[in-house]
Amino acid sequence: MELNKESINSFLKQCQRVLKVSKKPDKNEYKTVAKVTGIGIIIIGFVGFLITLIAQLIFYTS
């Protein structure tokens, strides 16, 4: 990719547009995002635990 003045200006305009529409989340929105993220981490950990448990049962009982 070649960097020139036009591509840099275009990138900076896109950055400005994103910063104009973005906002700081309020307390309620932040709590909701934190809860959903925490639940997702717990689910992924539980699935990984089940896969490990099943793999151990299959390979160590053979």
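**Reading the model**

Modeller: Phe46, Phe49, Leu50, Leu53, Ile54, Leu57, Ile58 and Phe59 form a nonpolar patch on the surface, and together they have about 820 Å² of accessible area. A patch is made of residues with over 30% relative accessible area and no salt bridge; like charges are joined within 9 Å, and nonpolar side chains (Val, Leu, Ile, Met, Phe, Trp, Tyr) within 5 Å. Accessible areas come from the Shrake-Rupley method with a 1.4 Å probe, and for residues only the protein chains shown count as cover. This is a predicted model, in which local features need pLDDT of at least 70 and side-chain atom pairs count only at pLDDT 80 or more, while totals for chains, interfaces and linings use all residues. Residues are numbered from 1 along each chain as its sequence is written, and side-chain values use heavy atoms, with hydrogens and water left out.

Biologist: In which helix is Phe46 placed?

Modeller: An α-helix has 3.6 residues a turn, so residues three or four places apart point the same way. Phe46 is in helix α2, residues 27-60, and Phe59 lies in helix α2 as well. Helices (H or I, at least four residues) and strands (E, at least two) are DSSP runs, numbered from the N terminus.

Biologist: Is Phe59 buried or exposed?

Modeller: Buried means under 20% relative accessible area, exposed over 50%, and partly exposed in between (1.4 Å probe, protein chains only). Phe59 is exposed because its relative accessible area is 64%. The C-alpha atoms of Phe59 and Ile44, 15 residues apart along the chain, are separated by 23 Å.

Biologist: How many residues of α1 are buried?

Modeller: Of the 17 residues of α1, 0 are buried, so this helix lies largely in the open. It reaches 25 Å from its first C-alpha to its last, close to the expected 24 Å; the expected span is 1.5 Å times one less than the number of residues. Cys15 is in helix α1 (residues 5-21) and counts as partly exposed because its relative accessibility is 29%. Lys20 is also in helix α1, and at 72% relative accessibility Lys20 counts as exposed.

Biologist: How many salt bridges does a search of the whole structure find?

Modeller: Side chains of opposite charge can pair when their charged atoms come close. A salt bridge is a side-chain nitrogen of Lys or Arg within 4 Å of a carboxyl oxygen of Asp or Glu. The search of the whole structure finds 1. Lys23 forms a salt bridge with Glu29, with the closest N and O atoms 3.2 Å apart. Lys23 counts as exposed at 61% relative accessibility, whereas Glu29 counts as partly exposed at 36%.

Biologist: What does the secondary structure of the chain come to?

Modeller: The chain has 2 helices and 0 strands. Its radius of gyration is 23 Å, well over the 11 Å that the globule rule gives for 62 residues, so the chain is more spread out than a compact globule. The radius is taken over C-alpha atoms, and the rule is 2.2 Å times the number of residues to the power 0.38. Along its principal axes the C-alpha trace spans about 65 × 40 × 5 Å.
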